[in-house]
Amino acid sequence: MYLYNSATRKKEQFKTHTPGHVEMYTCGPTVYHFAHIGNLRSYIMEDVLEKYLRFEGYDVNRVMNITDVGHLSGDSDEGEDKMLMGARREHKTVMEIAKFYTDAFFADCEKLNIKTPDVVQPATGLIPEFIEMVQGLMDKGYAYFAGGNVYFDTSKLQRYHVFFDHDEEDLHVGVREGVEEDLNKRNKNDFVLWFTKSKFEDQALKWDSPWGVGYPGWHIECSAISLKYNGEYLDLHCGGIDNAFPHHTNEIAQSESYLGHPWCPQWFHVHHLNTGDGKMSKSKGEFLTVTLLEQKGYDPLAYRFFCLQSHYRKALVFTWENLDNAALAYKKLIARIAALDPSDGPVDGEVLDEYREKFIKAVGNDLNTSLGVTAVYDALKAKTNDATRLAVIGDYDRVLGLSLTEKAAAKREADAKAAAGATSAQGFTVTGEGDPEIDALVLQRANAKREKNFAEADRIRDELKLRGIELTDVPGGTTWKFSKKG
Ligand code: AMP
Ligand code: ZN
């Protein structure tokens with residue numbers, strides 16, 4: 001696979017320290033609020049990357065942290081602990097907030113077919129390891145104690161690695177204006193490894209340490225968690241682009257200084273999901289969640305489909321209209337797959353291999369997911385039988401994660417049931433826009449009317465209306481159409 005590497009700012013052949021095995025780390029969510037669909041864009045693209053690597057035959061060990069302490073409202077050590085803000089907002093304890101939003105995060109992931117990483121580690125569960133790493137940095141002269149906190153001394157580095165090609169705006173995300181400069185810092189870029197009570201009197205979670213009772217900085221958790229579960233040599237580090245600086249830059253500084261050797265050669269950053277007024281952000285308070293999409297009648301996988309249609313290295317603009325288009329395209333795609341006949345076999349292994357090669361060529365070029373989706377349409381037209389087409393699509397879906405064959409099978413079954421029920425409506429014609437599921441509902445409504453079950457007939461009409469479908473009763477039947485097309 002060829003993958004763009006933010007550390008070298010080049011598209012490179014993907015390499016690993018151990019052949020066939022990938023040690024992969026992902027910065028997890030800060031669990032003080034629901035994940036918004038922007039956060040989830042990052043996790044969807046990272047999930048596709050992991051699945052693609054497995055598809056190519058790699059064995060992957062993927063590790064993720066859960067930030068439940070130490071992430072301040074400014075990413076560079078200013079402001080208040082985000083968890084504390086969440087707890088205060090909801091009159092709950094920090095640990096209650098952490099549990100609630102961690103569960104909510106994984107529930108969203110499940111709906112979006114995002115696989116849970118092999119290791120998930122909440123930061124609060126590994127405090128002794130953080131202390132050990134901070135102590136190691138102190139012993140090696142990379143850290144100093146000032147004003148009650150332990151700081152990393154960036155002047156001791158040969159190179160304070162910054163991912164230079166990121167937008168200025170992204171680099172400054174999280175750094176709030178008007179925040180007072182921390183006078184304990186010897187150098188502007190120095191950052192906190194360990195806070196003590198001298199910084200926040202009201203910090204909820206504190207632990208004893210050689211430097212006093214306090215809590216870890218945000219960056220140290222990822223370095224220490226990755227060291228514990230990925231080992232000393234990481235192959236691939238992922239995160240949203242706002243994490244590149246200062247968070248990932250600081251992770252590199254800590255890990256390489258502590259280990260005394262290069263740490264992670266490949267960095268994968270997902271660009272932001274933006275709304276009309278800019279980056280979607282949890283701290284702004286108002287944001288879109290998976291639950292909201294569901295409440296509005298969207299299948300969460302239509303959002304995954306929407307994300308896959310564009311490249312992870314481009315900012316993606318969210319509008320309802322764009323999502324409507326994706327949802328309609330996704331639905332039509334499922335309908336086309338459902339129209340394939342699984343009994344039209346047998347599966348042709350040669351065709352399967354040939355199409356697999358095509359997919360690798362397309363998606364393996366810097367995770368080009370939109371070409372991956374296009375490959376599904378190509379598979380529908382493959383010169384072979386339906387069972388082979390279905391097998392190719394099922395194979396692709398191991399990477400895309402769109403439940404294509406499962407949803408198509410469910411639709412096939414529902415359509416068959418509806419067709420069986422339709423016999424009782426003989427002599428009644430439904431004319432629509434080619435969706436058997438809608439046709440079936442329209443027939444059900446006709447049957448309900450015939451049985452004088454008008455409440456049921458109205459309920460079906462209302463349901464169809466909600467789905468944007470307009471009915472017109474004509475002699476001998478009903479016609480239907482989409483009232484607003486995306
Ligand atoms: P957080 O929960 O704030 O720590 O962020 C979780 C992940 O979402 C990180 O990898 C962030 O870089 C990423 N992220 C934050 N905002 C966005 C956005 N608007 N679009 C895409 N990813 C984002
Ligand atoms: Zn991290």
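This briefing looks at a zinc site and the nonpolar cores of the structure above. It's a predicted model, so local features need pLDDT of at least 70 and side-chain atom pairs count only at pLDDT 80 or more, while totals for chains, interfaces and linings use all residues. Residues are numbered from 1 along each chain as its sequence is written, ligands are numbered from 1 in the order in which they are written, and side-chain values use heavy atoms, leaving out hydrogens and water.

**The zinc site**

- Four protein donors sit 2.0 to 2.7 Å from the zinc ion (ligand 2): Cys27 (SG), Cys222 (SG), His247 (NE2) and Glu251 (OE).
- Donors here are N, O and S atoms within 2.8 Å of the metal (3.2 Å for Na, K and Ca), and sites may look incomplete because water is not among the atoms.
- Along the sequence, the donor residues follow the spacing C-x194-C-x24-H-x3-E.
- Cys222 belongs to helix α6 (residues 218–230) and Glu251 to helix α7 (residues 244–259), so this pair ties together parts 29 residues apart in sequence.
- Helices are DSSP runs (H or I, at least four residues), numbered from the N terminus.
- Both Cys222 and Glu251 are buried, meaning under 20% relative accessible area (1.4 Å probe, protein chains only).

**The nonpolar cores**

- A nonpolar core is a set of buried Ala, Val, Leu, Ile, Met, Phe, Trp, Tyr and Cys residues joined through side-chain atoms within 4.5 Å.
- The largest one has 85 residues, and Leu49, Leu236, Tyr303 and Ile337 have the most contacts inside it.
- Helix α1 (residues 37–55) gives the most to this core: ten residues.
- A second, separate core has 45 residues, including Leu72, Met133, Phe163 and Cys264.

Note on methods:
Helix = DSSP H or I, 4+ residues; strand = E, 2+ residues; numbered from the N terminus. Buried < 20%, exposed > 50% of the residue type's maximum accessible area, 1.4 Å probe, protein only.
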